[in-house]
Amino acid sequence: MSAFNSVSDVIQRYLAVLEAEGPAGLQFLNERVPHRYSAVYRLEGGTLRNEFVFDKLGQLTPEFLQVVPLGDSFCQFVLREGIFQTTNTSIDARLLGHKYQGVVGSYHGLPLVDNFGELYGTICHFDIDAHDLSDHEFAVLKQAAKVLPRYLGRTRTAS
């Protein structure tokens, strides 16, 4: 896919993927970025539960990424600040002493608000290696975070 597609064109294609394939559409978003993983985490009390994940390598999600205590997560920064991006956690001073500094190499995330206006969790791209996320692709992620909750609500009420 061309990086020259407008954000709105990309989001229109993303919406078509969501309509055709169901919740999250993470493969579509992940194919556009260098990161190995794209994920949706749901906030449940003091933990973040991995609801959906796409792994470029198609492997099972490592156990330490399935359920993460909020205080150990990078999502905590997303929830507190409304955004969190780090291209290289190893050298990010904001993460000094963090449990996953250098374990997760890069992380770019945004909050998700559900259909009822409540905090659902986060959507993010991350990798064990350091990767930048272009401004264009972050804008795509930002718009995806706005449209995705209506599809997550479908799965929540259907279960």
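In this predicted model, Ile 128 touches Val 103, Val 104 and Gly 105, leaving out residues up to four places away in sequence. A search of the whole structure finds 6 salt bridges, the largest nonpolar core has 27 residues, and the count of cavities of 30 Å³ or more comes to 1.

- Ile 128 belongs to the loop between strand 6 and helix 4.
- With a relative accessible area of 46%, Ile 128 is partly exposed, because that value falls between the limits of 20% for buried and 50% for exposed.
- Ser 106 is 22 residues from Ile 128 in sequence, yet the two C-alpha atoms are 6.6 Å apart in space.

**Val 33**

- Val 33 is located in the loop between helix 2 (26–30) and strand 1 (37–44).
- A relative accessible area of 6% makes Val 33 buried.
- Beyond residues up to four places away in sequence, Val 33 touches Lys 56, His 125, Leu 133 and Glu 137.

**Nonpolar cores**

- Within the largest nonpolar core, of 27 residues, those with the most contacts are Tyr 14, Leu 29, Val 40, Leu 112, Ile 123 and Leu 148.
- Two or more residues of this core come from each of helix 1 (7–21), helix 2, strand 5 (106–113), strand 6 (119–127), helix 4 (135–147) and helix 5 (149–158).
- A separate core of 17 residues lies apart from it, and its members include Tyr 41, Val 68, Phe 84 and Cys 124.
- Val 40, named above for its contacts inside the largest core, is in contact with Leu 26, Arg 49, Asn 50, Glu 51, Phe 52, Leu 112, Tyr 120, Thr 122, Ile 123, Leu 148 and Leu 152, leaving aside neighbours within four places in sequence.

**The cavity**

- Rolling a probe the size of a water molecule over the atoms shows where empty space is left.
- The largest cavity holds about 150 Å³ of space.
- Its lining consists of 13 residues, and Tyr 41, Leu 65, Val 68, Ser 73 and Phe 74 are the ones nearest the centre of the cavity.
- Sorted by class, the lining of the largest cavity comprises 11 nonpolar, 1 polar and 1 charged residues.
- Tyr 41 and Val 68 are named both in the core of 17 residues and among the lining residues nearest the centre of the largest cavity.

**Salt bridges**

- Side chains of opposite charge can pair when their charged atoms come close.
- One of the 6 salt bridges joins the side chains of Arg 36 and Asp 55, at 2.7 Å from N to O.
- Arg 36 lies in the loop between helix 2 and strand 1 and Asp 55 in strand 2 (residues 47–55), so this pair ties together parts that are 19 residues apart in sequence.
- Arg 36 and Asp 55 are both buried.
- Another salt bridge links Asp 72 with Lys 99, whose closest N and O atoms are 3.5 Å apart.
- Because Asp 72 is in the loop between strand 3 (67–69) and helix 3 (75–81) and Lys 99 is in the loop between strand 4 (84–86) and strand 5, the pair ties together parts 27 residues apart in sequence.
- Lys 99 is exposed, its relative accessible area being 52%.
- Arg 80 and Glu 81 also meet through their side chains in a salt bridge, at 3.0 Å from N to O.
- Arg 80 counts as exposed at 55% relative accessibility, and Glu 81 is exposed with a relative accessible area of 52%.

- Gly 82 is placed in the loop between helix 3 and strand 4, and at 34% relative accessibility Gly 82 counts as partly exposed.
- Leaving aside neighbours within four places in sequence, Gly 82 is in contact with Phe 77, Leu 110 and Pro 111.
- The C-alpha atoms of Gly 82 and Tyr 100 are separated by 20 Å, and the two residues are 18 apart along the chain.
- Ala 139 sits in helix 4 and is partly exposed, with a relative accessible area of 26%.
- Along the chain Ala 139 and Ser 8 are 131 residues apart, while their C-alpha atoms are separated by 9.7 Å.

How values were computed:
Residues are numbered from 1 along each chain as its sequence is written. This is a predicted model: local features need pLDDT of at least 70, side-chain atom pairs count only at pLDDT 80 or more; totals for chains, interfaces and linings use all residues. Side-chain values use heavy atoms; hydrogens and water are left out. Helices (H or I, at least four residues) and strands (E, at least two) are DSSP runs, numbered from the N terminus. Buried means under 20% relative accessible area, exposed over 50%, partly exposed in between (1.4 Å probe, protein chains only). Contact means heavy atoms within 4.5 Å. A nonpolar core is a set of buried Ala, Val, Leu, Ile, Met, Phe, Trp, Tyr and Cys residues joined through side-chain atoms within 4.5 Å. On a 1 Å grid over the protein atoms alone, a cavity is a set of points where a 1.4 Å probe fits but cannot get out, and a pocket is an open set with protein on both sides within 12 Å along at least five of seven lines; lining residues have an atom within 4 Å of a point. Grid points are joined across faces, edges and corners, and a volume is the space filled by probe spheres set on the points. Ala, Val, Leu, Ile, Met, Phe, Trp, Tyr, Cys and Pro count as nonpolar, Asp, Glu, Lys and Arg as charged, and the others, Gly among them, as polar. A salt bridge is a side-chain nitrogen of Lys or Arg within 4 Å of a carboxyl oxygen of Asp or Glu.
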